[in-house]
Amino acid sequence: MGIWQPDPGETALTRTYVEFATGRATPVSGMRWFRDTERKDIQDELPGWPEGPLYTAHSAGGAAGRNVAKVGLKTLYVAVWGALTSQGGSVGPGSRARPVEDRADEVEDFPVVWAAPGTIARTLPWQLDPGRRDGKRYRTHAVVTDRRLLVVGLPYDKKHDELVDDEVLWEVERSRIGRVELRDFKYASDVKVVFSDGSWCRLWAINRDALARYLVYPLDLLGPESLTPELRNAVDRHIARAEAPDPVRPVVSRRACGHYLIDSPAPRPLSGFFGASTFAESVNSDGSELQPGELHPEDL
């Protein structure tokens with residue numbers, strides 16, 4: 001199948017490696033659960049899902065919990081930091097440890113799927129679960145377009161990282177995404193995607209900022225005909241800075257904070273490990289570069 005491509009007239013916005021998140025607090029370290037709205041385990045009810053590991057929360061001071069936490073967090077930190085620094089990604093707000101935002105779902109329990117019967121989150125593919133697939137041989141990427149969110153799967157070989165052969169595993173229309181919440185507990189780079197029916201999932205993403213910025217609905221994209229002369233100049237300046245061998249017209253979006261985001265593919269091949277790299281920058285409405293103190297969280 002090769003690399004997944006959008007339909008004619010559809011705009012691809014970002015692509016990054018994702019998987020279901022993993023607990024970091026000692027009682028739930030290295031674990032994840034799939035719950036209904038009464039906190040009952042539903043993984044045996046999810047259609048087509050193979051059997052996976054069963055987790056039991058540790059006591060807060062248990063030796064097993066401490067050991068799993070040390071090994072799991074060290075491995076996760078090294079893998080994520082190495083990927084981000086080599087690929088130009090950003091940990092974003094999760095680059096600093098944050099306090100517990102939701103004790104029930106981050107310390108006492110760690111659901112990564114929360115779904116009543118018949119809801120969207122129950123349709124997510126099992127391949128997102130690190131406990132059910134071999135991450136050394138198979139990867140899952142989230143692809144966001146102006147029309148939909150997709151999850152694609154691809155065989156992975158670190159010696160041939162640029163050989164991508166996508167399989168579409170799942171997709172949902174953008175209009176069915178209700179909101180997106182960043183989760184930063186203990187250096188996390190997680191994003192909680194809440195669907196319009198109230199179900200949700202918690203994902204870990206290598207480039208969370210790029211994923212979250214485009215999952216906002218509705219998305220205010222501007223075509224070339226909608227740009228002021230000042231913004232067109234800013235786009236031309238951006239293209240020159242990107243230094244791509246085959247430059248493409250960047251995607252320009254208007255942010256709620258009043259700034260404009262200019263984003264284009266970076267001049268490096270698609271990576272099976274990381275996903276797609278982009279070169280993004282925010283400007284003022286007059287096309288001028290942001291000055292110190294003008295940066296807004298939406299500009300990440």
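1. Leu221 has Ser253 in β11 as its bridge partner. The two strands involved, β10 and β11, run antiparallel and are joined by two bridges; strands are counted as paired if DSSP finds at least two bridges between them. Strand and helix labels follow DSSP runs, numbered from the N terminus, with helices being H or I of at least four residues and strands E of at least two.

2. Some notes on the basis of the values. This is a predicted model, in which local features need pLDDT of at least 70 and side-chain atom pairs count only at pLDDT 80 or more, while totals for chains, interfaces and linings use all residues. Residues are numbered from 1 along each chain as its sequence is written, and side-chain values use heavy atoms, with hydrogens and water left out.

3. The overall composition is as follows. The protein chain contains four helices and 13 strands. Of its 300 residues, 49% are buried, where buried means under 20% relative accessible area, exposed over 50%, and partly exposed in between (1.4 Å probe, protein chains only). The chain exposes about 14,400 Å², of which carbon and sulfur atoms supply 53%; accessible areas come from the Shrake-Rupley method with a 1.4 Å probe, and for residues only the protein chains shown count as cover. Among contacts between residues at least 6 apart in sequence, 65% join residues at least 24 apart, a contact being heavy atoms within 4.5 Å.

4. β10 and β11 belong to an open sheet of four strands, ordered β10-β11-β12-β13 with antiparallel pairing. β10 (221–222) and β13 are the edge strands; each has a single partner strand, so one side of each lacks a neighbour in the sheet.

5. Five of the six residues of β12 are buried.

6. Cys257 lies in the loop between β11 and β12 and is partly exposed at 27% relative accessibility. Cys257 and Pro297 are 40 residues apart along the chain, with 8.9 Å between their C-alpha atoms.

7. Helix α4 (residues 229–242) has 14 residues and spans 20 Å from first C-alpha to last, close to the 20 Å expected at 1.5 Å a residue; the expected span is 1.5 Å times one less than the number of residues. Its buried residues are Leu231, Ala234, Val235, His238 and Ala242. They cover an arc of only 100° around the axis, which puts them on the same side of α4; the arc is that of the directions from the helix axis to the C-beta atoms. An α-helix has 3.6 residues a turn, so residues three or four places apart point the same way. The cover over the buried residues of α4 includes β11 (251–254), β12 (260–265) and β13 (278–283). Just after α4, Glu243 has a positive phi of about 55°.

8. The largest nonpolar core has 46 residues, and Phe20 and Phe195 touch the most other members. A second, separate core of nine residues includes Val252, Tyr260, Ile262 and Val283. A nonpolar core here is a set of buried Ala, Val, Leu, Ile, Met, Phe, Trp, Tyr and Cys residues joined through side-chain atoms within 4.5 Å.

9. Elsewhere in the chain, strand β5 (residues 148–155) has seven of its eight residues buried, so it is largely enclosed by the rest of the structure. A hairpin joins β4 to β5 through two residues, and seven bridges link strand β4 (residues 138–145) to β5 in antiparallel fashion. β5 is also antiparallel to strand β6 (residues 167–173), with six bridges. Leu150 is the bridge partner of Val143 and stands opposite Glu171 in β6.

10. Arg39, in the loop between β2 (33–35) and α1 (63–87), has a positive phi near 65° and is partly exposed at 31% relative accessible area. Gln5 sits in the segment before β1 (12–20) and is exposed, at 52%. Gln5 and Asp166 are 161 residues apart in sequence and 9.6 Å apart in space, C-alpha to C-alpha.
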